[in-house]
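I opened my notebook for this one and jotted down what I looked up, in the order I got curious. Here are the entries.

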Protein chains: 2
Amino acid sequence: MGATKKDIFNEEQNRLATVLKALAHPARIAILQYIIKQDACICNDLVQELGLAQATISQHLKELKNIGIIKGNIEGTSVCYCIDEKAWKQIKIELNHFFSDTIKTEECC
Amino acid sequence: MGATKKDIFNEEQNRLATVLKALAHPARIAILQYIIKQDACICNDLVQELGLAQATISQHLKELKNIGIIKGNIEGTSVCYCIDEKAWKQIKIELNHFFSDTIKTEECC
DNA sequence: TTATTATATCGCAATATTACGATATATAGT
DNA sequence: ACTATATATCGTAATATTGCGATATAATAA
């Protein structure tokens, strides 16, 4: 008990849930917004900007990297993070697909 | 420690995270897809369809109701759930707004 | 080499989520 | 009134997430 029963859902449902979960935190939304605004940034910029501990920011970056939406390039002693355009577009497509399902313009029952 | 630090983020970031979190579960994705497919359904239909306990489905429905994306009308002994079109469209707009931020077509750093 | 800077990872405590049995509530049918 | 049906809520165990200090790693600077 306690864990999500992934086995009873299909690929699409699990994939969508995983992506949404990775995005479903205000710090990770803020991180993405900051990266977009600045084009790219390093972990320490985010520590200054958001006021969370370095370990916490690093952990959030890892979760965003896990779904591929950002990527990091090593630049000397720091890591430069930016949006992975291809992944970003793919996620956009997946969400659009889900949300573009036609809703009946009628009241309930 | 442990709880999300909502106070350091802005309204938009917290709102977006809350909505995404409510959607970020395969069961809730499946519930929404089923409601869309059938136009409307009752809790028990979902219990049969998804194979989760009635208490679990009821809890997931509650979370979807919390963000307003679905609404329930009492119909005799059962409750008929359907998409709240207005809320659905609003959420769609909010997500589109977030995802339509222009991404630079350049490599990282 | 030693110090500095930037990040990642480990370990842990606090909190949140998920799932479900049991039970409460409420309506319809007999 | 009694029974059946449908849903919501409570309580609880298992698991996951969040946040951070401490520490490890790795590259640059002095």
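**Entry 1: DNA strand C.** I began by asking which element gives the most to the surface near DNA strand C. I found H4(A), with six residues. A note to myself before going on: this is a predicted model. In the whole surround I have 30 residues, and the closest to DNA strand C are A:Ile42, A:Asn44, A:Ser78, B:Gly2 and B:Ala55. Next I looked up the elements that supply at least two residues each: helix H3 (43-50), H4 and strand E3 (78-83) of chain A, together with H4 of chain B. By class, I wrote down twelve nonpolar, 15 polar and three charged residues for this surface.

**Entry 2: DNA strand D.** I then turned to the other strand in my list. DNA strand D is surrounded by 29 residues, and the closest are A:Gly2, A:Ala55, B:Ile42, B:Asn44 and B:Ser78. Two or more residues come from each of helix H4 (54-66) of chain A and, in chain B, helix H3 (43-50), helix H4 (54-66) and strand E3 (78-83). H4(B) has the largest share of the surface near DNA strand D, with six residues. I noted the classes here as well: twelve nonpolar, 15 polar and two charged.

**Entry 3: where the chains meet.** How many residues of chain B are in contact with chain A? I have 38 residues of chain B against 39 of chain A. On the chain B side, the elements that give two or more residues are helix H1 (11-23), helix H2 (26-38), strand E2 (70-75), E3 and helix H5 (85-99). H1(B) provides the largest share of that side, seven residues. The side of chain B that touches chain A holds 22 nonpolar, seven polar and nine charged residues.

**Entry 4: the symmetry.** I superposed chain B on chain A and got a rotation of 180° with 0.0 Å of shift along its axis, at an RMSD of 0.0 Å. That is the relation of a two-fold axis. The same surface serves both copies, as 100% of the contact residues of chain B recur in chain A.

Entry 5: I went back to H1(B) to check its length. Its 13 residues should span 18 Å at 1.5 Å a residue, and the end C-alpha atoms are 19 Å apart, so the two agree. Which residues of H1(B) are buried? I listed B:Gln13, B:Leu16, B:Ala17, B:Val19, B:Leu20, B:Ala22 and B:Leu23. Their cover includes helix H1 (11-23) and helix H2 (26-38) of chain A, along with H2, H4 and H5 of chain B. The largest nonpolar core has 56 residues, and A:Leu20, A:Ile35, B:Leu20 and B:Ile35 touch the most other members.

**Entry 6: A:Asn14.** Last, I picked a residue in helix H1 of chain A, namely A:Asn14. I call A:Asn14 partly exposed because 18 other C-beta atoms lie within 10 Å, and the buried class needs 20 or more. Leaving out residues up to four places away in sequence, A:Asn14 touches A:Lys6, A:Phe9 and B:Pro26. I also looked up A:Ala3, which is eleven residues from A:Asn14 in sequence and 13 Å from it in space, C-alpha to C-alpha.

Terms used: Residues numbered from 1 in each chain as written. Chains lettered and ligands numbered in written order. Predicted model: local features only at pLDDT ≥ 70, side-chain atom pairs only at ≥ 80, totals over all residues. Near = placed C-beta within 6 Å. Helix = DSSP H or I, 4+ residues; strand = E, 2+ residues; numbered from the N terminus. Nonpolar A, V, L, I, M, F, W, Y, C, P; charged D, E, K, R; others polar. Contact = placed C-beta atoms within 7 Å. Least-squares fit on C-alpha atoms with pLDDT ≥ 70 in both. Core = buried A, V, L, I, M, F, W, Y, C linked by C-beta atoms within 7 Å. Buried ≥ 20, exposed ≤ 12 C-beta atoms within 10 Å, placed from the backbone. Expected span 1.5 Å × (residues − 1).
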